[in-house]
Amino acid sequence: MAAGETKAENTSPRSPEAELGIKVEDLWEVLEPQLTPTEKLNSCFQDLPVSSFPVPPTHVIEIPSDTSLAETVEILSKHKILSAPVRDADAPDDASWMDRYIGIVEFAGVAMWVLNQLDASANGKAGSTLTRMDSFTYKKQANGVAENGLTSATSQSTDDGSTSVAGSFFETLTSSEFYKNTKVKDISGSFRWAPFLALQTSDSFLTMLLLLSKYRVKTLPVVDSDNGMLVNIITQSAVVHMLAECAGLDWFENWGNKALNEIGLPNTKPCDLLKVKEDEPVLKAFLLMRKKGIGGLPVVDASGNYAVGNISIRDVQYLLTAPEIYKDYRTITVRDFLTEVRSYLTKQKADSPLLHGLIICKRGDTMKDVILKLDSKKIHRIYVTDESGLLEGVITLRDIISKLVYEPSNYFGDFFDGVLPLPEDSRV
């Protein structure tokens with residue numbers, strides 16, 4: 001390499017993510033040698049602006065707040081996305097981005113809202129809207145928090161599924177005028193609704209990575225403060241894909257070749273791992289995920305010790321897109337639900353992580369091994385087993401990102417002022 005020439009100038013990267021990795025490499029190589037590898041990574045990501053993160057080839061999908069739930073589900077399904085920012089339909093054209101968006105709606109949130117309506121019906125309150133309990137106002141923050149009148153909702157569901165509602169009613173509800181006429185703004189603050197916590201293009205990668213890991217945000221909108229436009233949506237999956245594309249670069253290999261047990265993964269002890277047995281009602285799994293604010297559960301055999309599958313909160317979407325796959329949503333078991341969904345996906349010739357089977361790793365595997373598996377299978381979690389197959393833990397995308405950086409003292413300052421208190425299942 002010629003004097004003064006950087007790797008970015010001398011290498012033809014295979015992807016925009018790999019090109020970004022080369023920028024990290026250039027920063028890595030000029031840092032002081034006395035810094036630890038972790039300090040070097042923090043410094044590198046602090047020097048990279050979020051504006052350099054690759055933008056997907058398709059434009060960012062927004063959902064107006066006056067869009068019906070039926071239309072919202074159709075939009076999310078059509079574009080094969082799990083969530084989208086909600087734009088306030090009443091905001092003037094010249095409104096700032098802080099006044100333009102009211103939150104992020106998730107596929108799973110809509111499905112859980114519908115389940116709540118079913119429970120209301122089972123208790124003689126069909127067609128009733130969610131009970132509004134507490135209101136949380138998110139103050140405008142110059143560095144990223146929009147003002148939202150968010151509320152939390154309570155559900156009348158019970159974990160044991162003691163109340164029975166026929167599956168035909170579910171199909172009736174999803175084709176009803178009530179479902180079609182309920183607007184996405186009407187469910188704001190319920191279940192897995194997320195506030196519009198946005199980054200500006202000048203914010204750093206370090207801020208982005210900390211929000212996606214320590215602060216449990218799964219989706220980060222990026223706005224251009226100069227024109228108030230939404231220019232990117234960064235997810236945990238996108239970050240892990242970026243890491244996978246950086247395999248082979250010195251900084252990545254230095255970090256990624258560490259074994260899981262060397263860096264403290266998995267975080268959860270086997271005795272504390274939440275799981276669901278394959279012969280239990282699938283509704284119990286979804287309610288447990290909602291109650292605990294987690295994205296997925298291992299499906300275990302009758303002994304409770306061996307993983308045989310995975311069920312994710314995003315699988316609840318099939319209650320909306322394919323309600324005909326079963327006849328009673330309360331009594332169908334996890335095993336039968338997953339079997340029926342796989343059959344449905346196969347007939348639809350759809351590509352889905354559900355068709356790949358259980359993905360596992362061992363404590364001695366490296367971070368690189370796990371990242372490449374997660375990215376290639378497009379999954380959000382991987383299960384850790386011992387040599388005999390005994391379930392030992394789970395590693396999520398958030399766990400991976402959290403091991404990449406650390407939060408410097410008082411890093412966020414007053415960034416979150418006015419955000420608390422938060423709804424129970426907020427991801428911030």
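**Burial, helix packing and aromatic pairs in a predicted model**

At 4% relative accessibility, arginine 330 counts as buried, where buried means under 20% relative accessible area, exposed means over 50%, and partly exposed covers what lies in between (1.4 Å probe, protein chains only). This arginine is found in the loop between helix H13 (318-321) and helix H14 (334-347); helices (H or I, at least four residues) and strands (E, at least two) are DSSP runs, numbered from the N terminus. The C-alpha atom of arginine 330 is separated by 6.5 Å from that of proline 281, although the two residues are 49 apart along the chain.

The model is a predicted one, in which local features need pLDDT of at least 70 and side-chain atom pairs count only at pLDDT 80 or more, while totals for chains, interfaces and linings use all residues. Residues are numbered from 1 along each chain as its sequence is written, and side-chain values use heavy atoms, with hydrogens and water left out.

The secondary structure of the protein comes to 16 helices and 14 strands, and 51% of its 428 residues count as buried. With contact meaning heavy atoms within 4.5 Å, 67% of the contacts between residues at least 6 apart in sequence join residues at least 24 apart.

Helix packing comes next. Helix H2 (residues 16-29) and helix H3 (residues 37-46) pack with their axes 9 Å apart and at an angle of about 125°. That makes H2 oblique to H3, since angles under 35 degrees count as roughly parallel, over 145 as roughly antiparallel, 65 to 115 as roughly perpendicular and the rest as oblique. The axes here are lines fitted to C-alpha atoms, for helices over the stretch in contact, and the angles run from 0 to 180 degrees between N-to-C directions. The crossing of H2 and H3 is right-handed, a term that applies if the near helix is turned clockwise from the far one by less than a right angle, anticlockwise being left-handed. On the H2 side, Val24, Leu27 and Trp28 take part, and they meet Pro37, Lys40, Leu41, Cys44 and Phe45 in H3. The residues of this contact divide into 7 nonpolar, no polar and 1 charged, with Ala, Val, Leu, Ile, Met, Phe, Trp, Tyr, Cys and Pro counted as nonpolar, Asp, Glu, Lys and Arg as charged, and the others, Gly among them, as polar.

Aromatic rings link several parts of the chain. Rings of Phe, Tyr and Trp (its six-membered ring) pair if their centres lie within 6.5 Å, and planes under 30 degrees apart count as stacked, over 60 as edge-to-face and the rest as tilted. By this rule the count comes to 12 aromatic pairs. The rings of phenylalanine 45 and phenylalanine 205 have planes at 5° and centres 6.2 Å apart, so this pair is stacked. Phenylalanine 45 lies in helix H3 and phenylalanine 205 in helix H9 (residues 205-212), so the pair ties together parts that are 160 residues apart in sequence. Both phenylalanine 45 and phenylalanine 205 are buried. A tilted pair is formed by tryptophan 97 and phenylalanine 196, at 6.4 Å centre to centre and with 50° between the planes. Tryptophan 97 lies in helix H5 (residues 97-100) and phenylalanine 196 in the loop between helix H8 (177-181) and strand S6 (199-200), so this pair ties together parts that are 99 residues apart in sequence. Tryptophan 97 is buried at 5% relative accessibility, and phenylalanine 196 is buried with a relative accessible area of 1%. One aromatic cluster is formed by Phe45, Phe53, Phe205, Trp251, Phe252 and Trp255.

Helix H9 is mostly covered, with 8 of its 8 residues buried; among them are Phe205, Met208 and Leu212. Glutamine 236 lies in helix H10 (residues 236-245) and counts as buried at 9% relative accessibility.

Finally, some backbone details deserve a look. The peptide bond from leucine 265 to proline 266 is cis, with omega near 0°, and proline 266 is found in the loop between helix H11 (250-256) and strand S9 (276-277). Lysine 378, not a glycine, has a positive phi of about 55°; its place is in the loop between helix H15 (367-377) and strand S13 (381-385). Asparagine 410, not a glycine either, has a positive phi of about 55°. This asparagine lies in the segment after helix H16 (397-402) and counts as exposed at 67% relative accessibility.
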